[in-house]
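Let's take a walk through this protein model together. Keep the picture handy as you read.

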Amino acid sequence: PKYVRVFNGSQAKLPMQPEYLRQIVLHTPFDLGNSDDVRELLAYSILIFTGIRVGHLLPTDTSKKAKRHLIDWNNVKFEPDFANATVVVFMLDSTKVRSVAKRDPWWTAVGKCEEVPMLCPVLLMQTWYNMTHNGTLTGNSQYLMATTVMGEPWSRAAFTRRLRARLKIVA
C-alpha cells in the first residue's frame, strides 16, 4: 500500500502509526493461541493506544539500568476486575522527565474494543496474562513483557526485527 513507508538505515526511526498497525494485522499472520504473537500484538496495541513509550515495555539490553523503567504487573489494574475488565489502567513510576525518587507517577488507561480482538489491548492483556501466569495479579513483580516470573522481558531488538519484517511484507 502506498501509505506505508519503509526506510533503511538511519531514517528507519519513524513513529508507529495506527494505519501501520492495521495493515500489519490485515496482511501478516497472527495466532491468538501463540504466545509470541500475542506478546507482539500486545506491545503494538499498548504503544499505539496508551502513549506509553517503548522503554517502559522493552529494554535495550538485560542490564538493571535498561530495565529500571519497565512496567510490571504491579503497575497494571483491570477495571472493574480481571474477568470483567472493560479498562486497563497503567501506572508508570517514572517517565523520561519524572524520576522514581520524586514519587510522581503518571497514569494512562485504555478501553476494550471487542470488535477488533487482534488489536484490543484489554483482551490482549487478559490473554497474555493467562498464557504467562498461574498466580494472582496482586504482588506480581513479573515484567509485563516477560513470559515467566523470573524471565527476562522481550528485547527491543527482537521486537524491532519482527516489526520491520512485518512492515516489509505490507509495504
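How many disulfides does the structure hold? The count is 0, where a disulfide means a pair of cysteine sulfur atoms within 2.5 Å. In general, a disulfide is a covalent bond between the sulfur atoms of two cysteines. Take Cys-113: its closest cysteine sulfur sits in Cys-120, 5.7 Å away, so that's too far for a bond. Cys-113 is partly exposed at 28% relative accessible area, while Cys-120 is buried at 0%. (Buried is under 20% relative accessible area, exposed is over 50%, and partly exposed is in between, using a 1.4 Å probe and protein chains only.)

A quick word on the model: it's predicted, so local features need pLDDT of at least 70 and side-chain atom pairs count only at pLDDT 80 or more, while totals for chains, interfaces and linings use all residues. Residues are numbered from 1 along each chain as its sequence is written, and side-chain values use heavy atoms, leaving out hydrogens and water.

Now find helix α1 (residues 18–27) and helix α2 (residues 35–50); helices here are DSSP runs of H or I with at least four residues, numbered from the N terminus. Their axes, lines fitted to C-alpha atoms over the stretch in contact, come within 10 Å and cross at roughly 160 degrees. That's why α1 and α2 are roughly antiparallel, a label for angles over 145 degrees on a scale from 0 to 180 degrees between N-to-C directions.

Who touches whom? Pro-18, Leu-21, Ile-24 and Val-25 in α1 meet Leu-41, Tyr-44, Ile-48 and Phe-49 in α2, with contact meaning heavy atoms within 4.5 Å. The residues in this contact of α1 with α2 are 8 nonpolar, no polar and no charged; Ala, Val, Leu, Ile, Met, Phe, Trp, Tyr, Cys and Pro count as nonpolar, Asp, Glu, Lys and Arg as charged, and the others, Gly among them, as polar.

How values were computed: Helices (H or I, at least four residues) and strands (E, at least two) are DSSP runs, numbered from the N terminus. Angles under 35 degrees count as roughly parallel, over 145 as roughly antiparallel, 65 to 115 as roughly perpendicular and the rest as oblique.
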